[in-house]
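Please read it beside the sequence and the coordinates.

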Amino acid sequence: MASIIDIKLPRSIASALRLPKRNAKTQQQKVLKKLLKKARFTEFGQEYRFDEILLSKNIEKGFQQLVPVFDYNKIYDQWWIKTLEGKPDITWPGKIKYYALSSGTSEASSKYIPVTTDLLKSNTINYIKQLISVFSYKQANKKSLTKDFLIIGGATNLQKGEAGWFAGDLSGILAKKRPFWFQTFYKPGGRIAAIADWNQKLNEIVDNAHKWDIGYIVGVPAWCQMCMEMVIERYKLANIHEIWPNFGVFVHGGVAFEPYKKSFDKLLGKPIVYVENYLSSEGFIGYKMKEDRGIQLVTDNNIFFEFVPFDNCNFDAEGTIIDRPEVKLIDEVEEGKEYALLMSTNAGSWRYLIGDTIKFLDKEKAEVIITGRTKHFLSLVGEHLSVENMNRAIQDANDHFNISIQEYTVIGFPYEGYFAHRWYVATSDTVNNEALMAFIDNKLREINDDYATERTSALKEVFIEVLPPETFMKFMELKGKLGSQHKFPRVMKGRILLDWENFLKTGKI
């Protein structure tokens, strides 16, 4: 089967139209060549001999040999800082007009991620493809796609730098640069979208909710859930469909949705379709094509992907990548193995470690699941506990106890000459703490052999504290990360752990 914007056509028609079959390796070769050609006269392209790479017999291998791997600090200190000074043609042609502010879930200071016009155009193409892909969902209410789209994101009122650039949440930049033809459908509209104060923005959305016919909601699960709960409370509704009867599609990303699904279902009057996308400040990486499948990487647009095996050979105990890691191309990966993702994009990111880890479900179709973050895992004694493991345990606990754990985080610490984990979970439901911890512990032993082994030796104990959801929200507010794309860290280490422990003791950070 070949495709146009991922719409499958019969082979006979595809052959008649001479459409090429979807081949991730070939697509990726074309993407890399296009990126190198466009950037070869930049300072970065001259430094790393892009012209020479383009003349190589094997462009991908030549690219890997001549261009080093970068994390944020390395590429910022050597290259991106120049763009903030207003200098053009550094890692991508022209001046950078927009920067996405991204602090991830643990960094103390904001990262400035370049957002170019080329990247925005590529993202728009991917949004359209994702929208069309909803038709492949059997349960999708097609009528909802003709109604209003509510996008709950960052403020479009961006901060201006001395060199003339603008910076803010990526969702705010995307909303500000939305296509003209989308204006009719877009909610909450330009005025409300520009509000920087998150609580004020939510209240304005709630005030206007009765005026809109929402069919499609986009945003981070925690904040969208909060918004719908406020709407239901304000208008004294039994469920959100009493005010938005055509609501049929929720598009989410950034965090695993499983811990939130039970809470979402309680807010609904009828089933909806949940569509997962994979969007980062550096680019639109992929999206789900069907309910029961993985996320399909977008291999034919603007991102060249590479994959670093996530193991002790390529990363240290803190999740920091080594200087010359082993790197695989898309046709060299293995299904079921965990990889850290490298990206080269049309915003001037080159062999850039975004910090996510993934596994391939289907190599041929480039379908993956997100398993966590390179720095957000626990392995004090070799237990190798990933965010994917934690999410599965929490989801099963929700189902088993019929509760809704809306947020959680885990820490590791020395304990009685050995080590221990402590879980902090957020729920408004009543649950026996000891029973909940025992269930999570046993579930992790089932799904993670390393964890099971260490629980009989060096990982001596596990503890749990059940807290109100408001505790987690208050901490995020004090950290200046309330709303939009900010996510609560699933594993706490370093400075943010000290702030969290101080907050629980004093209510301050």
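Leaving aside neighbours within four places in sequence, which residues is Val 381 in contact with?

1. Val 381. The model is a predicted one. In it, Val 381 is in contact with Phe 419, Glu 454, Ala 458 and Leu 459, once neighbours within four places in sequence are left aside. Val 381 sits in the loop that runs between β17 (367-373) and α13 (387-401). Its relative accessible area is 21%, so Val 381 is partly exposed; the cut-off for buried is under 20%. Pro 179 is 202 residues from Val 381 in sequence, and the two C-alpha atoms are 51 Å apart in space.

2. Thr 371. This residue belongs to strand β17. Thr 371 counts as buried because its relative accessibility is 2%. With neighbours within four places in sequence set aside, Thr 371 is in contact with Glu 338, with Thr 357, Ile 358 and Lys 359, and with Ser 386, Val 387 and Glu 388. Between the C-alpha atoms of Thr 371 and Ser 280 there are 15 Å, for a separation of 91 residues along the chain.

3. Ala 366. The loop between β16 (352-362) and β17 holds Ala 366. Phi of Ala 366 is positive, near 55 degrees, in a residue other than glycine. Is Ala 366 buried or exposed? Ala 366 has 0% relative accessibility and therefore counts as buried.

4. Lys 236. Here too the backbone deserves a look: phi is positive, about 50 degrees, although Lys 236 is not a glycine. Lys 236 is in the loop between α11 and β10 (249-252). Its relative accessibility is 75%, so Lys 236 counts as exposed.

5. The bond from Lys 187 to Pro 188 is cis, and its omega is near 20 degrees. Pro 188 is placed in the loop between β8 (186-187) and α9 (190-193).

6. Helices α10 and α11. Two packed helices are described by the angle between their axes and the distance between the axes. For α10 (residues 198-208) and α11 (residues 221-234), the angle is about 50 degrees and the axes are 9 Å apart. The pair is therefore oblique. The crossing is right-handed. On the α10 side the residues that meet α11 are Trp 198, Leu 202, Asn 203, Ile 205, Val 206 and Asp 207. Their counterparts in α11 are Trp 223, Met 226, Cys 227, Met 230, Val 231 and Arg 234.

7. Helices α12 and α13. How does this pair cross, and within what distance do the axes come? The axes of α12 and α13 cross at roughly 30 degrees and come within 7 Å. Angles under 35 degrees count as roughly parallel, so α12 is roughly parallel to α13. From α12 the contact involves Glu 258, Pro 259 and Lys 262. From α13 it involves Asn 391, Ile 394, Gln 395, Asn 398 and Asp 399.

8. Leu 268. This residue lies in the loop between α12 (258-266) and β11 (273-280). Leu 268 is buried, because its relative accessible area is 14%. The C-alpha atoms of Leu 268 and Phe 377 are separated by 33 Å, the two residues being 109 apart along the chain.

9. Nonpolar cores. The largest nonpolar core has 60 residues. Within it, the residues with the most contacts are Leu 36, Phe 50, Ile 285, Phe 307, Leu 341, Trp 350 and Phe 360. As for Leu 36, it touches Phe 50, Ile 53, Leu 54, Ile 59, Phe 63 and Trp 350, residues up to four places away in sequence not being counted.

10. Annotated span. An unreviewed UniProt entry carries the annotation "domain: GH3 middle" for residues 298-362. That span is 0% helix and 40% strand, and its end C-alpha atoms lie 14 Å apart.

Note on methods
Residues numbered from 1 in each chain as written. Predicted model: local features only at pLDDT ≥ 70, side-chain atom pairs only at ≥ 80, totals over all residues. Heavy atoms only, no water. UniProt positions renumbered as here; feature names shortened; annotations may be inferred. Helix = DSSP H or I, 4+ residues; strand = E, 2+ residues; numbered from the N terminus. Core = buried A, V, L, I, M, F, W, Y, C linked by side-chain atoms within 4.5 Å. Buried < 20%, exposed > 50% of the residue type's maximum accessible area, 1.4 Å probe, protein only. Contact = heavy atoms within 4.5 Å. Axes fitted to C-alpha atoms, helices over the stretch in contact; angles between N-to-C directions. Parallel < 35°, antiparallel > 145°, perpendicular 65-115°, else oblique. Left-handed = near helix turned anticlockwise from the far one by under 90°.
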